[in-house]
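Have the chain open as you read.

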Amino acid sequence: MQMKRFALKKRLLQYSAAVTGLLVTFCSGLHFGWTSPYLPVLLGEDSPIPITAEESSWVGNMYLLGGVSGSLLLSVIGRLIGRKTLLLWSSVPFCVSWLVIAFATTLLELLTGRYIAGFCEGVAFPILVIYLSEISDDEIRGMLCSAITVSLYLGVMVINVIGTYMTIKMVSLVCLAIPILLFVLFFWMPESPNYLLMKGKHEEARQSFIALKGSEDADRKLDVVANAIQQESLNKAFISILKRMNHRKLLTLVGLRATQQFSGVVPFNIYAQTVFMESDAFVSPLLGVVIFYAVQIVFSVLSSLLVDKLGRKPLLIASLIGAICTLLSGGSFFYLRDVTKLDTSLVAFLPALILIAFTFSYSVGLQTMPTFMAAELFPTNLKAHASSIGAVLFYGLGTVSTKYFQFTKDNYGLFVPFWSFAVCCTIGLVVLVIFMPETKNKTLEDIQIELSQGHPHRSCDQKP
């Protein structure tokens with residue numbers, strides 16, 4: 001118990017920086033889940049901004065387009081502006097987005113607010129992952145980075161609940177408090193020592209490192225980081241990410257994001273009520289959605305607590321196997337019901353159970369790992385570029401998978417997207433088992449040494 005208290009006290013600033021920084025993803029979750037309670041309002045008879053069904057799709061997609069734009073900008077400014085600075089000032093466009101949405105009277109104004117929010121998330125979300133990975137100790141790095149997803153879906157849950165009782169204007173003004181709180185609290189947090197070293201600010205980096213991790217052996221540890229950054233500085237251009245030495249890292253990054261998005265999680269989030277409606281009276285669509293998000297939050301927390309104990313790879317493999325089984329089961333149910341016309345009335349509750357089981361499996365590993373692996377796999381000078389690629393894949397592939405789900409569901413039946421996503425997860429499982437390295441309990445510098453020396457099967461607890 002005393003050891004735990006000592007570790008908590010020693011890492012108090014790390015936890016404080018993480019908690020305040022996570023307000024970024026909480027705010028993103030509020031925007032991400034905003035369409036769930038308010039699209040029906042906009043499409044209703046008493047809509048404050050009357051829109052058509054076709055126009056309503058732009059309300060959701062504009063946020064994703066903003067995310068792509070912000071992610072592309074990150075690859076340009078990620079090395080020029082500090083991690084803390086980007087996170088701190090992301091509060092300003094978040095405030096602007098809520099104000100624009102609150103006072104919007106036309107569709108164009110509403111879309112502008114959504115675009116600004118998505119753009120801000122596209123910049124801030126990946127940089128938060130980098131920041132947390134660089135300020136945290138190896139033993140808690142996975143937990144803190146995994147908490148990003150927990151914070152995101154907590155925001156989605158909150159907007160779904162309060163959105164039931166508040167108008168668009170009222171909820172926007174309430175949510176405006178979150179980015180303001182972010183600015184006030186995060187202002188006092190330190191900059192990443194890695195970034196300061198990359199900019200040649202050695203004394204500032206030393207002070208930041210000691211504040212975050214203590215003075216014990218600080219100079220030697222900083223020298224290790226500085227030497228690694230100096231060696232990496234020769235490969236700071238974006239084109240360097242395509243070099244042969246980075247092929248395995250890049251394939252892992254692309255494989256993680258592609259598998260995550262083509263597991264069907266984005267369309268399942270968007271069309272959750274539609275799937276729950278297939279379960280007849282087992283649960284109401286609204287209650288089903290609440291359970292859906294609650295499961296994501298609970299098991300994301302569990303994943304964040306286990307990731308530094310069990311490792312990244314075992315959790316991810318278990319997550320994918322579970323997702324494949326539930327997707328195959330869901331596809332089989334809809335095939336038997338819709339194609340063979342088999343009487344499934346006695347098991348009409350299965351779609352709801354299958355979706356909840358999928359959410360459980362997905363949340364254990366596939367939800368959290370792709371979020372922070374770019375920050376672990378790539379060196380300091382390429383992290384912004386890698387995170388930008390990962391974010392573009394997240395928003396781009398999420399849009400593609402959503403359109404695919406909608407098209408196949410409407411034209412062929414729900415069994416087609418379920419089975420298709422199962423095939424994608426199977427391919428992803430094979431790729432990731434072969435190429436993804438285990439990074440549990442390793443320093444960021446040790447990971448680079450291992451990958452550059454080509455030791456993919458070194459024990460996860462062994463130091464080079």
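## Terms and basis

Buried means under 20% relative accessible area, exposed means over 50%, and partly exposed lies in between (1.4 Å probe, protein chains only). This is a predicted model: local features need pLDDT of at least 70, side-chain atom pairs count only at pLDDT 80 or more, and totals for chains, interfaces and linings use all residues. Residues are numbered from 1 along each chain as its sequence is written, and side-chain values use heavy atoms, with hydrogens and water left out.

## Salt bridges

A salt bridge here is a side-chain nitrogen of Lys or Arg within 4 Å of a carboxyl oxygen of Asp or Glu. The count comes to 6 salt bridges.

One of them joins arginine 337 to aspartate 338, with the closest N and O atoms 2.8 Å apart. Arginine 337 is partly exposed at 21%. Aspartate 338 is also partly exposed, at 28%. Elsewhere, shared partners join Arg11, Asp137 and Glu139 into one network.

## Links across the chain

Helices are DSSP runs (H or I, at least four residues), numbered from the N terminus. Arginine 11 pairs with glutamate 139, the closest N and O atoms being 3.3 Å apart. Arginine 11 sits in the loop between helix H1 (2-10) and H2, and glutamate 139 in helix H9 (residues 138-162), so the bridge ties together parts 128 residues apart in sequence. Arginine 11 is buried at 14%; glutamate 139 is partly exposed at 45%.

Arginine 83 pairs with glutamate 134, at 3.0 Å between the closest N and O atoms. The pair links helix H6 to helix H8, 51 residues apart. Arginine 83 is buried at 1%, and glutamate 134 is buried at 2%.

Terms used. Helix = DSSP H or I, 4+ residues; strand = E, 2+ residues; numbered from the N terminus.
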